[in-house]
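Please examine the structure shown below with attention to its charged side chains. This report describes how some of them pair.

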Amino acid sequence: MALPADGHVHSEWSWDAPLGSMERSCAQAVEYGLPAIAFTEHLDHTTWPVAVDGPYVQDHLTALAGPDGLLTPPPFDPAGYLAAIETCRERFPGLRILSGLELGEPHWYTAECSAILRAGRFDRVLGSLHCLPDGAGYAEPWGIYPHRPAAEVVREYLAEIVRLVAGSDEFAVLAHVDYPIRSWPSGRFDPRAFEDEFRTALRATAGSGRALEINTRLPLDPTILTWWYQEGGDAVSFGSDAHLPTAVAHGFRQAAAMAEAHGFRPGDDPYDLWPRSD
């Protein structure tokens, strides 16, 4: 089975320092036989607390946080990012290298996102939801689970997805609809306990004409993909969410097989989205 394009590779606001990291990601893509790779760099504006201990600590995020433990995403330099993309294209002429952004909570920051998108060409634009309101601020699901019922957090997340889709027209692909599952606090997560909420979010996304990302950081439950198809989803994309070159295309063979089993097929070009086959 040919591997699909990896459309969700990024370096968490650090494209400028480790250009070598982007190049190593391209080299990994070539080694694996990927037809294309997209660097969908984070464009975030929400300030949120980082983990200081436990399983969710990430040293590079801790280093960016202030003395109060809050991380305010640094400004994004579109010109520098696009120059780095061009360098990679020059060094890997046989690989289709797409520019891109992952817009965090774009419905909360419409003006800021629009300004960046006008600053250059971005081939693949994702919309994502990482944070939810938490008290007087915002937090990721793992930071909310300890003081709110986990099921309530997931339901709020999926309800906010509906608002995200309705409140922004700047993105073409919804990223990691199952994001809260990454930090689910107890036992195995069963999406069927949230079927109505998932279906509502997927129906809104499909109705807006967006594609759904199959993010392989955590294998997508096939049930969610079944609902996507049943709710009218027209296409899927694939993203390894690889913040490191070694994670490029992780889980892609399994994800591609699952997509085909659910009625999605490769597009006309190898870097296209995968549309439904009916």
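This is a predicted model: local features need pLDDT of at least 70, side-chain atom pairs count only at pLDDT 80 or more; totals for chains, interfaces and linings use all residues.

Side chains of opposite charge can pair when their charged atoms come close. In this model, the count comes to 16 salt bridges. Three of them are set out in the table, including the pair of Arg148 and Glu156.

| Salt bridge | Closest N and O atoms |
|---|---|
| Arg148 and Glu156 | 2.6 Å apart |
| Asp241 and Arg182 | 2.7 Å apart |
| Arg203 and Glu231 | 2.8 Å apart |

In the pair of Arg148 and Glu156, the residue Glu156 has a relative accessibility of 19% and therefore counts as buried, since buried means under 20%.

The salt bridge between Asp241 and Arg182 links distant parts of the chain, with the two residues 59 residues apart. Asp241 lies in the loop between strand 11 (235-239) and helix 9 (252-261), and Arg182 lies in the loop between strand 9 (173-174) and helix 7 (195-207). Asp241 is buried, at 3% relative accessibility, whereas Arg182 is partly exposed, at 28%.

Where do the partners Arg203 and Glu231 lie? Arg203 forms its salt bridge with Glu231. Arg203 belongs to helix 7 and Glu231 to the loop between helix 8 (222-230) and strand 11, so this pair ties together parts that are 28 residues apart in sequence. Arg203 is partly exposed, with 42% relative accessibility, while Glu231 is buried, with a relative accessible area of 17%.

Salt bridges may also share partners: Glu86, Arg89, Arg121 and Asp123 are joined in this way into one network.

Terms used. Residues are numbered from 1 along each chain as its sequence is written. Side-chain values use heavy atoms; hydrogens and water are left out. A salt bridge is a side-chain nitrogen of Lys or Arg within 4 Å of a carboxyl oxygen of Asp or Glu. Buried means under 20% relative accessible area, exposed over 50%, partly exposed in between (1.4 Å probe, protein chains only). Helices (H or I, at least four residues) and strands (E, at least two) are DSSP runs, numbered from the N terminus.
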